[in-house]
Amino acid sequence: MNAQRKQRLTLVLVIVLGASVAVGLTAYALSQNINLFYSPSEIYMGEAPKDTRIRAGGMVVEGSIRRDPTSLRVEFDITDYAHATTVEYTGILPDLFREGQGIVAQGMLAADGRLIASEVLAKHDENYMPPEVAEALARAGKMPPMPEAAKGY
Amino acid sequence: MIPELGTFSTILALCLAVILSVVPMVGAYTGNKLWVDYARPLSKGVFFFLSIAMVCLAYAFLTNDFSVVYVANGSNTALPWYFKISAIWGGHEGSLLLWVWIQAVWTLAVAVKSRNLPLDIIGRVLSVMGMITAAFLLFILFTSSPFERFLPGYPMEGADLNPLLQDFGLIVHPPTLYMGYVGLSVAFSFAIAALLSGRLDAAWARWSRPWTNVAWAFLSLGIGLGSWWAYYELGWGGWWFWDPVENASLMPWLVATALIHSLAVTEKRGVFKSWTVLLAISAFCLSLLGTFLVRSGVLTSVHAFATDPERGLFILGMLIFVIGGSLLLYAIRAGSVKSESTFSLSSRESLLLVNNILLTVSCAMVLIGTLYPLVMDALNLGKISVGPPYFNALFVPIMSLMIVFMGIAAVSRWKNTEPSYLVKQLWLPAVLAILAGVISSYAYSGILEFWVTLGLTLAYWIVFSWMRDYWNRARNRDSLWAAVTKQSRSYYGMLLAHLGVAVLVVGVAMVSIFVEHRDARMVAGDQLEFRDYTFIFDGVRKVEGPNYTSDMGRIRVLYKGEPYRIMYPEKRIYTARGMSMTEVALDPGLFRDLYIAMGEELDNGAWAIRLQYKPFVRWLWLGALLMTAGGILSASDKRYRRQNNRAVAAA
């Protein structure tokens, strides 16, 4: 092997090594920071892990919003019309949060099966349904009919 | 009648764009000068007819023509006229029309501003731009025409523009961002033309530099405006969410930043040629990918309104065609490209290579984080989301490392720079930066917070190392006046842009670490204190707006016990859609913002209220503004014109 080839081989090895380290670190960071989505039925079946952050989504059950009279703590139920999960959240809910609206909550499951949410997301379009929620509803066979106006888009 | 005229002129523009993408290209190959000469008038024609289409759509909005589906879905008689105009790009169809109109603007600009380029090159460049225009026009006409009608019956009143979009931000953010996105097609077209002609030389880099700088400047400004808009409009005071749609604009920006640096090396030294071409291709492909991500509805995002698989499929097809085609061309041609000079391991070239590697790596990392959930979903491996911690964990170290190199590159020289020279030049800026960073971090907060100290040190490092470079250049001049005026505009542009990075870094570090917020339940008379400020809630009253009703809160703010000002956050209900919106009350300042947003009404007249103290948040957008100014200033350097002339004289 002549000197030039040797130099090239070293360069290639360095690049391969550098790239693998970068990919490894990225994969590690990724695996630490992904949040899996679970529907209320899956949570009810006990399929959701208790010790990591998860996302859960569904429709907010009518009449289920209970507020603490002295703080910003609020509890509500989300459902895929098969099962429901109680979500607890302290803070300001998004503008479009309301009963019957599809939302996604991010947080950890408590031992009693309630989701202690650190974030509640409702999208800024009144006809918008988070795709995860839409799919969870479709799987439970409970997809509500889309409102007329939504078809224009 | 008018909307049909719009469709008609869109079709005419398509016909001209198709001719533009064929005739000059064939002319350039066969050496038919007459055919190549068609490129300029055809570019003007495309621009003319697309402008007519834009005016037609604006007319439909201004006259409340609700027989047009797009107008009925995105406007309302009560909407003020300036929002009616900007509602043109408030939805999917119109924003595509804006996209292609801006493409026509860039094509026109290239046609008019490039009198000095060889004719066969300009013919090829305009042809490639014509192809892009034609593809997007096909997309508009087949899947998403904004001129489609409701027939026979149509609504008497429009559904109104999404209240979130009824804001100054909508007027400025999308056009600026698109100017940047689409402007990258110029660099792309120059690269493709150079590959096709086989003349990939320093002259090519010189032609495409000013265009790339301007596109990059607009992209920076567009992203900055988007961040500023999200900050005050969404009501929770964030300025960057690592939302997929934000990432879609950040990725082309990162690659475009690498591109403007790589172009500099190619122009000055004749090396990195094939790499530069690859960057130019990637930058535009990423902006197409961004369009695909935003417009196909595959994402869960604040921007993802339209969900129509057919549209996504069309853009995906176009994306595959553009990426595949240009990479194939690259694979065939790039092998024959030869470097014109060599450089040593310790030189400005190497340092700029490091800059390029770090920027592309960070872009790849953002790309992985953005596409990973889509891939997992497509493979049925579960629905996941990738959170901000992932992006922060990788992006912050890479960028910190890059800033270290940014300072070293400032004083380095082309071809070869002795490491001992770098040490001699930089030990003082380095020591000063660390001292200043530690002192100002401690002076601000009374503690040495790691990330803030690091951020401030890096910002000082940028400033001091570039000051060193400026001093090197200025010291040989006779007088201070000569030293200041004899530097070129492109040099001052570079200084401004790098200063912008320093300002941005200060903003990011300070606001990320020292932001303070309180979410409180308040009834009239309640008060809350933090950071020398006292906030007294005086209650809420009803206010009527043109197309909304509002609960307007009144909050008195005391600074160190003295009355400071009164702030009025609002909770609005937009009547047409019955949609509620938070209208934030802001007290902006160079060193801190006070930010008050109202949540929902609780029982017994209590309101949920969010109070935030955001130090140095304005510096984020100030940094983006400085970068924009820097990009434009350096593109306006007269040497680009002068050297173009010289190139012609030599030919």
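1. Helices (H or I, at least four residues) and strands (E, at least two) are taken here as DSSP runs, numbered from the N terminus. The model is a predicted one, in which local features need pLDDT of at least 70 and side-chain atom pairs count only at pLDDT 80 or more, while totals for chains, interfaces and linings use all residues. Residues are numbered from 1 along each chain as its sequence is written, chains are lettered from A and ligands numbered from 1 in the order in which they are written, and side-chain values use heavy atoms, with hydrogens and water left out.

2. Helix H19 of chain B covers residues 618-635, which is 18 residues. Its first and last C-alpha atoms are 26 Å apart, close to the 26 Å expected at 1.5 Å a residue (the expected span being 1.5 Å times one less than the number of residues). Of the 18 residues of H19(B), 13 are buried, so the helix is largely enclosed by the rest of the structure. Buried means under 20% relative accessible area, exposed over 50%, and partly exposed in between (1.4 Å probe, protein chains only).

3. Chain A has three helices and seven strands. Along the sequence they follow the pattern α-β-α-β-β-β-β-β-β-α. Of its 153 residues, 43% count as buried.

4. Over all chains there are 28 salt bridges, a salt bridge being a side-chain nitrogen of Lys or Arg within 4 Å of a carboxyl oxygen of Asp or Glu. In chain A, A:Arg114 and A:Glu88 form one at 2.6 Å, N to O. A:Arg114 sits in the loop between strand E6 (102-109) and strand E7 (115-121) and A:Glu88 in strand E5 (residues 84-90), so this pair ties together parts that are 26 residues apart in sequence. A:Arg114 is partly exposed at 21% relative accessibility, and A:Glu88 is buried at 13%.

5. In chain B, B:Arg473 and B:Asp469 make a salt bridge at 3.3 Å, N to O. Both belong to helix H16 (residues 450-474), where, being four residues apart, they are separated by about one helical turn. An α-helix has 3.6 residues a turn, so residues three or four places apart point the same way. B:Asp469 is buried at 7% relative accessibility, while B:Arg473 is partly exposed at 32%.

6. B:Arg554 and B:Asp538 also form a salt bridge, their closest N and O atoms being 3.0 Å apart. This pair links distant parts of the chain, with B:Arg554 in strand E5 (residues 548-559) and B:Asp538 in strand E4 (residues 533-544) of chain B, 16 residues apart. Both count as partly exposed, B:Arg554 at 32% relative accessibility and B:Asp538 at 27%. In chain A, salt bridges that share partners join A:Arg66, A:Asp68, A:Arg73, A:Glu75, A:Asp77, A:Glu88, A:Asp112 and A:Arg114 into one network.

7. Patches are made of residues with over 30% relative accessible area and no salt bridge, nonpolar side chains (Val, Leu, Ile, Met, Phe, Trp, Tyr) being joined within 5 Å and like charges within 9 Å. Accessible areas come from the Shrake-Rupley method with a 1.4 Å probe, and for residues only the protein chains shown count as cover. A nonpolar surface patch of about 660 Å² is made by B:Val423, B:Trp427, B:Leu428, B:Val431, B:Leu432, B:Leu435 and B:Ile439. B:Trp427 lies in helix H15 (residues 419-445) of chain B and counts as exposed at 51% relative accessibility.
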